[in-house]
Amino acid sequence: MVGHPTVHDLPRVEPEPDEVGGDCPGAVGRTGLQPVVDRDRVVALFVSRDNFWVRAFDHSGKELWSRDLGRFMSQHGHGASPIIHDDKVIVTNDQDGESFVIALDVRTGEPAWTSPRRAVKGGAA
């Protein structure tokens with residue numbers, strides 16, 4: 001029987017101090033969103049006003065790659081977790097500014113495709 005990882009098995013990942021908070025209301029720091037886990041990696045989002053990081057780590061906590069999706073401006077903060085599908089990490093970037101969905105190669109973090117989304121001021125849970 002193969003055990004499945006639990007939240008207690010995930011590496012502790014601490015972002016740099018300037019990557020959290022700032023003056024963006026609702027900024028998500030210390031990966032307040034749920035990371036996604038597969039057999040080889042953990043992928044987490046770190047979102048602040050100045051940076052929207054997508055980062056992959058191996059199960060020992062070593063960073064494999066990181067991709068900065070740019071500034072993030074929203075009165076509500078970011079609330080969607082990444083998903084892994086067909087060797088891609090899919091991330092939504094819905095905000096008050098330029099919004100999009102992006103698929104990144106799960107092994108390298110390189111963009112595979114991007115689809116624009118209509119920016120809407122508001123939110124839902």
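The sheet in this predicted model is an open one of four strands, in the order β1-β2-β3-β4, with antiparallel pairing; strands here are DSSP runs of E with at least two residues, numbered from the N terminus, and two of them pair if DSSP finds at least two bridges between them. At the edges lie β1, residues 36-37, and β4, each of which pairs on one side only.

A word on how to read the numbers: residues are numbered from 1 along each chain as its sequence is written. Because this is a predicted model, local features need pLDDT of at least 70 and side-chain atom pairs count only at pLDDT 80 or more, while totals for chains, interfaces and linings use all residues, and side-chain values use heavy atoms, with hydrogens and water left out.

That pLDDT is the predictor's confidence in each residue, on a scale from 0 to 100, and for the chain it averages 75, with 63% of the residues scoring at least 70. Over residues 17-31 the pLDDT is below 50, although in the model this stretch has 34 contacts beyond near neighbours in sequence, a contact being heavy atoms within 4.5 Å. Where pLDDT is low, the predicted coordinates should not be read in detail.

Let me turn to β3. This strand, residues 52-57, is joined to β4 by five bridges, the two running antiparallel, and to β2 by six bridges, again in the antiparallel sense.

Why can we call β3 largely enclosed by the rest of the structure? Six of its six residues are buried, where buried means under 20% relative accessible area with a 1.4 Å probe, counting protein chains only. Both faces are covered, with F52, V54 and A56 on one side and W53, R55 and F57 on the other.

Finally, the connections. Four residues make the hairpin link from β2 to β3, whereas the hairpin of β3 and β4 has five residues between the strands, and there G61 takes a positive phi near 100°. D58 is also found in that loop between β3 and β4. The side chain of D58 makes a polar contact of 2.7 Å with that of S60, which is to say a pair of N or O atoms within 3.5 Å, one able to donate a hydrogen and the other to accept it.

Technical notes
Buried means under 20% relative accessible area, exposed over 50%, partly exposed in between (1.4 Å probe, protein chains only).
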